[in-house]
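Look at the structure shown here and follow the text from one part of the chain to the next. Keep the sequence at hand to find each residue as it comes up.

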Amino acid sequence: MKYKSVFDIIGPVMIGPSSSHTAGAARVGRVARSLFGRQPKWANIHFYGSFASTYKGHGTDVAVVGGLLDFDTYDERIKSSLEFAKQLGLAVQFFEEKAVPDHPNTVKIEIGDDSGDLELVGISIGGGKIEIIELNGFELRLSGHHPAILVVHQDRYGAIAAVSNILSKHKINIGHMEVSRKEAGKMALMTIEVDQNLDDAIVEEIQRLPNISQVARVVD
């Protein structure tokens, strides 16, 4: 079955008008915020395809910014997210891109502060559902609808098994896992969706493993 519930068709509880252009966009922004781990100081938001042509009318701009401020899809503050961003010191720029994407509802989000930055590409696939397809140049597939950890690591023998062993030890079930790398033996990215949120202690235990550079998580 393509749809498991009526919410897969009509979308989530949300601030409208569109489950794909508003709710989905907010979720992409919120995943970016979650992976960055804090509120950014600046954000460059690039819209592609139908997002580029309709983002003002469908509220895609305020939705993405609302997500970056950690507002959920139903949060009334999304309507005024641009004003909230100014008050909180988040400088935002929007770009309408002409390049033709593989998916019409595509957004690239670049965020950062004095301590670092992050680049993420996400698509809104309908009904409020999303996929994150690129993170800092790594290809991946992350739904954003389940708790997850993203582990940047050296592409070394045993690195994946070491992370899996820690999750097994804490009885954390893996729902989906994939690994992306730009070049053999260099940096790689593990994307692991799990059935429950991971607490700080587990994340820190993974971070202490050999060959692990960075661990970020998406909470449910």
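Four strands make up an open sheet whose order is β8-β9-β7-β10, with antiparallel pairing. At its edges stand β8 (174–181) and β10, and each has a single partner strand, so one side of each is left without a neighbour in the sheet. From one strand to the next, the twist averages 15°. The model described here is predicted.

Take the strand pairs of this sheet in turn. β7 and β9 run antiparallel and are joined by seven bridges. Gln-154 has Met-187 in β9 opposite it. β8 and β9 also run antiparallel, and seven bridges join them. Here Met-177 stands opposite Ile-192 in β9. The hairpin of β8 and β9 has five residues between the strands, and in this hairpin Gly-185 takes a positive phi near 85°. In general, the strands of a sheet pair through backbone hydrogen bonds, in either a parallel or an antiparallel way.

Is Thr-191 buried or exposed? Thr-191 belongs to strand β9 (residues 187–194). Its relative accessible area is 1%; this is under 20%, so Thr-191 counts as buried. Leaving out residues up to four places away in sequence, Thr-191 touches Leu-140, Arg-141, Leu-142, Ile-149, Leu-150, His-176, Met-177 and Glu-178.

Which residues of helix α7 (residues 200–207) are buried? They are Ile-202, Val-203, Glu-205 and Ile-206. These residues lie on the same side of α7, because they cover an arc of only 160° around the axis. An α-helix has 3.6 residues a turn, so residues three or four places apart point the same way. The cover over the buried residues of α7 includes β7 (148–154), α6 (159–169) and β10 (212–218).

Now turn to the other sheet. This open sheet has six strands in the order β2-β1-β3-β4-β5-β6, and its pairing is mixed. Its edges are β2 (91–96) and β6 (138–142); each of these has a single partner strand, so one side of each is left without a neighbour in the sheet. On average, neighbouring strands of this sheet are turned by 20° against each other, direction ignored.

Strand β1 (residues 42–49) and strand β3 (residues 105–113) run antiparallel, joined by eight bridges. One of the pairs to look for is His-46, whose bridge partner in β3 is Lys-108. Helix α3 (residues 50–58) packs on the sheet, where it touches β1, β2, β3 and β4 (116–126), and its direction makes about 115° with that of β1. Helix α4 (residues 60–68) lies across β1, β2 and β3 and runs at about 140° to β1.

At the other end of the strand order, strand β5 (residues 129–135) and β6 pair in the antiparallel sense over three bridges. Ile-132 stands opposite Leu-142 in β6. In the hairpin of β5 and β6, two residues lie between the strands, and Asn-136 takes a positive phi near 50°. The covered face of β6 holds Phe-138, Leu-140 and Leu-142, while Glu-139 and Arg-141 are on the uncovered one.

The nonpolar cores come next. The largest nonpolar core has 40 residues, of which Leu-35, Leu-68 and Leu-120 touch the most other members. Helix α2 (residues 19–36) gives the most to this core, namely seven residues. A second, separate core has 16 residues, among them Ile-166, Leu-167, Val-194 and Val-215. With neighbours within four places in sequence left aside, Leu-68 is in contact with residues including Gly-29, Ala-32, Pro-40, Ile-45, Leu-90 and Ile-111.

Last, consider the confidence of the prediction. The pLDDT of the protein chain averages 89, and 90% of the residues score at least 70. Over residues 1–17 the pLDDT is below 50, and this stretch has 31 contacts in the model beyond near neighbours in sequence.

Definitions and conventions: Residues are numbered from 1 along each chain as its sequence is written. This is a predicted model: local features need pLDDT of at least 70, side-chain atom pairs count only at pLDDT 80 or more; totals for chains, interfaces and linings use all residues. Side-chain values use heavy atoms; hydrogens and water are left out. A nonpolar core is a set of buried Ala, Val, Leu, Ile, Met, Phe, Trp, Tyr and Cys residues joined through side-chain atoms within 4.5 Å. Buried means under 20% relative accessible area, exposed over 50%, partly exposed in between (1.4 Å probe, protein chains only). Contact means heavy atoms within 4.5 Å. Two strands pair if DSSP finds at least two bridges between them. Axes are lines fitted to C-alpha atoms, for helices over the stretch in contact, and angles run from 0 to 180 degrees between N-to-C directions. pLDDT is the predictor's confidence in each residue, from 0 to 100. The arc is that of the directions from the helix axis to the C-beta atoms.
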